[in-house]
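Visitor: Hi, I'm new to this one and would like a slow walk through it. Could you show it to me before we start?
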Amino acid sequence: MPTSTVSSGKSLPIRVAVVAAGVVSPLGFGLPETLNALRGARDCVSPVTRFAVEGCRCQTAGQVPDERLESGNGRHDKRLHRASRMMIAALREALTQDRQFKPQLTVIGTTSGGMSYGENYYRALERHGDLRRAPSWIANYPPQKPVIDAQQNFDIAAPCQVIANACASGTNAIGHAFECIRSGRYQRVLTGGYDALSELVFVGFDSLQASTPEKCRPFDRDRSGMVLGEGAAVLALENLETAQTRGAAILAEIVGYGVSTDKFHMTHADPSGIGPRQAMERALASAQIPAETIDYINAHGTATPFNDAAEGKAISQLFAGVPVSSTKSMMGHALGAAGAVEAIVCLLALEHQFLPPNINFRAPDGDVDLTIVENESRAASVRTVLSNSFGFGGTNASIMLQRSAP
């Protein structure tokens, strides 16, 4: 394992600090609003307004209001995709916290990119309509464009890597950034994820009958499916020694990362839970800590019958009585952004010493032995947390965050 030298002459593993963070999601704009929503167990899922959903089973989603998504670039702002404006808002918050942070690399996860602009282009072609806006749609469609827009807005010129690995993308991006610093190759990496609601993706999940016409109830006995969400979140990661030397604030440390692929089914996890279990086991091994030290798990928890069952089985096999919640119950599933937004949730839990709630919970699933944080947040001593993200095709990722020792 890569090491750093301390004054005592002993070699220790390179530690990776989170020195700043920013977030935009249905829970709110920025860390304070997000904290208030989590503590208040606020249901931020609402009827879809971005496109017609009359023919869909599910008609709700977690949505970010457009009127708050202004980049400050005047006329140029109108050409940007909503995903770009979300990334700009999240990055602005992070850079306001640490104005000295200059990333050497940016690693961002997403699944949809500028999908809604692709929809506009396709419809115009199909209807032989006006294609005067086609160059703008095409230019803003690629998944790297929102990242580039955000970096250019703040004069950042770091190389950009985009990870698109289904719903594990955001957590994979953070894990990869963590390993880039832990390996000693980089000192500072900007990371996170984004995704904006699009009609094509929304209808796709609805046609799979993965979405619910009811409330999203992760791990509930009567759960019937997920609701979609959107958002963007960024974390500024830095070699802990470097950060301490320049006097940066340390929000938390990332101490472990695990991945696996179970390849059981295109949309269903292996019922045994082997894929999620391997990801969590590897995160524990990466951190070199036992399962007993975990104080809270932010579960992937989509509220689909099969996936909650597999994840619940894996958690119960590894951890005894650890509090578990899925904050997707409050804001929907933001796909490639989910793991990044949920990493922010974990940061807030560590800083403010509380357990985020799993709302809409009515009855436990008798087949899964979990300690659910039911419906309300609660104060708790929280030092080490695990955040899970699992995606279609059996892509599984877990990261571990820890309150930084004084």
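Visitor: What is the mean pLDDT of the protein?
Guide: This is a predicted model, and its mean pLDDT is 91, with 95% of the residues reaching 70 or more.

Visitor: Where does pLDDT stay under 50?
Guide: That happens over residues 5-9, for which the model has five contacts beyond four places in sequence. Where pLDDT is low, the predicted coordinates should not be read in detail.

Visitor: Okay, strands next. Which strands pair with S9?
Guide: Strand S7, residues 105-109, pairs with S9 in the parallel sense over five bridges, while S9 and S10 pair in the antiparallel sense over eight bridges. To place this on the chain, Ile108 has Gly192 of S9 as its bridge partner, and Gly193 has Ala233 of S10 as its bridge partner.

Visitor: And why is S9 largely enclosed by the rest of the structure?
Guide: Seven of the eight residues of S9 are buried, so the strand is largely enclosed by the rest of the structure.

Visitor: Is Gln209 buried or exposed?
Guide: Gln209 is exposed, with a relative accessible area of 55%, and its place is in the loop between H8 and strand S10. The phi of Gln209 is near 60 degrees, a positive value in a residue other than glycine. Most residues other than glycine have a negative phi.

Visitor: Switching topic: which residues touch the most other members in the largest nonpolar core?
Guide: That core has 53 residues, and Leu235, Leu237, Ile344, Leu347 and Leu401 touch the most other members. Helix H13 gives the most to this core, with ten residues. Ile344 has contacts that include Ala21, Leu31, Ala233 and Leu235, not counting residues up to four places away in sequence. There is also a second, separate core of 32 residues, and Val64 and Leu95 are among them.

Visitor: What about H11, what do its buried residues pack against?
Guide: The buried residues of H11 pack against helix H10 and strands S12, S13 and S17. Helix H11 has 14 residues and reaches 21 Å from its first C-alpha to its last, close to the 20 Å expected at 1.5 Å a residue.

Visitor: Now the charged pairs: how many salt bridges are there?
Guide: The count comes to 14 salt bridges. One of them joins the side chains of Asp43 and Lys215, at 2.7 Å from N to O, and this pair links distant parts of the chain, 172 residues apart. Asp43 is partly exposed at 28% relative accessibility, and Lys215 is partly exposed too, with a relative accessible area of 41%.

Visitor: Which residues are linked in a network of salt bridges?
Guide: Arg50, Asp66, Arg82 and Glu230 are linked in such a network. Within it, Arg50 forms a salt bridge with Asp66, the closest N and O atoms being 2.7 Å apart.

Visitor: And are Glu342 and Lys328 buried or exposed?
Guide: Glu342 is buried, and so is Lys328. Glu342 forms a salt bridge with Lys328, with the closest N and O atoms 2.8 Å apart, and the pair links Glu342 in helix H13 to Lys328 in helix H12.

Technical notes: Residues numbered from 1 in each chain as written. Predicted model: local features only at pLDDT ≥ 70, side-chain atom pairs only at ≥ 80, totals over all residues. Heavy atoms only, no water. Helix = DSSP H or I, 4+ residues; strand = E, 2+ residues; numbered from the N terminus. Expected span 1.5 Å × (residues − 1). Contact = heavy atoms within 4.5 Å. Buried < 20%, exposed > 50% of the residue type's maximum accessible area, 1.4 Å probe, protein only. Pairing = 2+ DSSP bridges. pLDDT = per-residue confidence, 0-100. Core = buried A, V, L, I, M, F, W, Y, C linked by side-chain atoms within 4.5 Å. Salt bridge = Lys/Arg side-chain N within 4 Å of Asp/Glu carboxyl O.
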